[in-house]
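Have a look at it first, then read on.

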Amino acid sequence: MTDHLDSDLTPLGEAQAERTGEHLATLGVDRIYVSPLRRTLQTIAPYCRIAHARAHLYPQVCEYFSPNYPAFKTFPGLSPTDLRKQFPFVDIDPASGCDDVWWPQQLENDDIIYARAVKVRESLKAQFGDTDAHLLIVSHSDVVGRLIEAFLRVPPVPDDPPWADNCSLGLLECDASDAPARLIYQNNTEHLKGVTANAS
């Protein structure tokens with residue numbers, strides 16, 4: 001996290017996003033859900049360009065509005081109009097809840113962020129649980145950790161969600177039942193080997 005709560009990717013982050021986009025293009029993705037924050041949209045942009053894909057804004061996977069960063073109380077997020085202009089590869093589904101103010105209006109604790117993750121799990125399970133769809137969620141480290149816990153149906157570990165490095169990948173297998181998801185791998189950064197800020 002930086003002092004700028006809706007920061008751009010660094011040059012290294014841009015290089016990692018480009019490599020990740022190339023890697024994802026070899027895996028196949030049916031639908032992309034992405035946090036409306038600038039750096040997550042910049043992260044998925046290379047994949048959308050390479051695969052001619054569109055991403056769906058999903059405010060429920062936005063950053064953890066932590067009490068450690070009280071500036072979130074006055075967070076000036078991008079409006080849906082701004083998001084469409086700056087990131088034309090994204091779709092805003094009316095059911096997504098991406099209103100003019102889509103970000104949380106209170107600082108969040110572990111229980112709140114986990115509850116958000118459970119809502120995501122239940123929504124995606126209802127839509128895709130009986131299909132073979134490959135879904136990609138592009139989010140932030142703490143939120144990714146809480147999503148993993150929610151899909152595995154384990155309680156959140158206070159102050160210590162499963163870690164996710166920048167542009168790392170995790171894979172879960174899920175179905176429509178209430179059974180826990182199967183964790184295939186998490187925090188995989190093999191595709192980022194050799195990536196530097198000077199990478200083209």
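**Rings and a helix pair**

Phe 89 is buried, with a relative accessible area of 15% (buried means under 20%, using a 1.4 Å probe and protein chains only). Before going further, note that this is a predicted model: local features need pLDDT of at least 70, side-chain atom pairs count only at pLDDT 80 or more, and totals for chains, interfaces and linings use all residues. Residues are numbered from 1 along each chain as its sequence is written, and side-chain values use heavy atoms, with hydrogens and water left out.

**Aromatic rings**

- There are eight aromatic pairs in the structure (ring centres within 6.5 Å, taking the six-membered ring for Trp).
- Phe 65 and Phe 72 are stacked (planes under 30 degrees apart), because their ring centres are 3.9 Å apart and their planes sit at 15 degrees.
- Phe 65 is buried at 0% relative accessible area, and Phe 72 is buried too, at 3%.
- Phe 87 pairs edge-to-face with Phe 89, at 6.1 Å centre to centre and 80 degrees between the planes (edge-to-face means over 60 degrees).
- Phe 87 is buried, with a relative accessible area of 6%.
- Ring pairs also join Phe 65, Phe 72, Phe 75, Trp 102 and Trp 103 into a cluster.

**Two helices**

- Helix α4 (residues 110–128) packs against helix α5 (residues 141–152) at about 60 degrees, with the axes 8 Å apart (helices are DSSP runs of H or I with at least four residues, numbered from the N terminus; axes are lines fitted to C-alpha atoms over the stretch in contact, and angles run from 0 to 180 degrees between N-to-C directions).
- Residues making the contact (heavy atoms within 4.5 Å) include Ile 113 and Leu 124 of α4, and Val 143 and Phe 151 of α5.

Methods: Buried < 20%, exposed > 50% of the residue type's maximum accessible area, 1.4 Å probe, protein only.
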